[in-house]
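I opened this structure to look up a few points and wrote down what I found. The entries follow in the order I worked.

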Amino acid sequence: MMRRLLPHPYLSVTLAVVWMLLVNRWAVGSLVFAAMIGIVIPWLTAPYWPDSARLKSPGRIPGYLAVVILDIVKANFAVAKIVLFLPRRALKPAWIVIPLELRQPEAITALAATITLTPGTLTCDLSADGQALLVHCLHAPDPDSVVDEIKTRYEARLKEIFA
């Protein structure tokens, strides 16, 4: 019964929280409307989600987000240093193929989004078989270390989160 009312509980909570943050006011009417959005939108879109994501360890999501936010802040400083102080001829941009162990589309999307959100890197393509991501790096003197960093910092954590 509960699964029919809330087919995607994490999405419901996320939508309600985002609505409350957008409204930027804690009022009963806003909270009721946030709850309605959190229930109605996932319920209406449930037929279009034949296989919902299975989270093995949702408690690890805050830790993953903390790592991503910290890396985004560090990367902002690194990119600023590259842009401001590195001579253009010393810049070593690279196209890198990241082989994937992840198989769930939601996990692959989270990894691709994480890479793109981090300044200096951009996910450009997913292979047709879903086994690799093509990533462009602004400055990658050692492409193998970029692959290792993405696999250990992000993909390994996402494997722990998703079933």
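Entry 1, the record. I looked up "transmembrane region" in UniProt, where an unreviewed entry lists residues 30-49 and 61-86. I then turned to the model, which is predicted. In it, residues 30-49 are 80% helix and 0% strand, and the C-alpha atoms at the ends of the span lie 28 Å apart. For residues 61-86 I noted 96% helix and 0% strand, with 35 Å between the end C-alpha atoms.

Helix α4 covers residues 61-85 and helix α6 covers residues 143-161; they pack at about 165 degrees with their axes 10 Å apart. The crossing of α4 past α6 is left-handed.

Which residues of α4 and α6 meet? On the α4 side I listed Ile 61, Tyr 64, Val 67, Val 68 and Asp 71, and on the α6 side Arg 153, Tyr 154, Arg 157, Leu 158 and Ile 161. Sorted by class, this contact of α4 with α6 has seven nonpolar residues, three charged and no polar ones.

I found that the axes of α2 and α3 come within 8 Å and cross at roughly 145 degrees. Here α2 passes α3 in a right-handed crossing. Among the residues making the contact are Leu 11, Ser 12, Leu 15 and Trp 19 of α2, and Phe 33, Ala 34, Ile 37 and Pro 42 of α3.

Leaving aside neighbours within four places in sequence, Ile 37 is in contact with Leu 15, Trp 19 and Pro 42. I also checked Ser 12: it is 25 residues from Ile 37 along the chain, and their C-alpha atoms are separated by 7.6 Å.

I located Asn 24 in the loop between α2 (9-23) and α3 (28-45). Most residues other than glycine have a negative phi. Asn 24 is not a glycine, yet its phi is positive, at about 60 degrees. Its relative accessibility is 68%; the cut-off for exposed is over 50%, so Asn 24 counts as exposed.

Methods. Residues numbered from 1 in each chain as written. Predicted model: local features only at pLDDT ≥ 70, side-chain atom pairs only at ≥ 80, totals over all residues. Heavy atoms only, no water. UniProt positions renumbered as here; feature names shortened; annotations may be inferred. Helix = DSSP H or I, 4+ residues; strand = E, 2+ residues; numbered from the N terminus. Axes fitted to C-alpha atoms, helices over the stretch in contact; angles between N-to-C directions. Left-handed = near helix turned anticlockwise from the far one by under 90°. Contact = heavy atoms within 4.5 Å. Nonpolar A, V, L, I, M, F, W, Y, C, P; charged D, E, K, R; others polar. Buried < 20%, exposed > 50% of the residue type's maximum accessible area, 1.4 Å probe, protein only.
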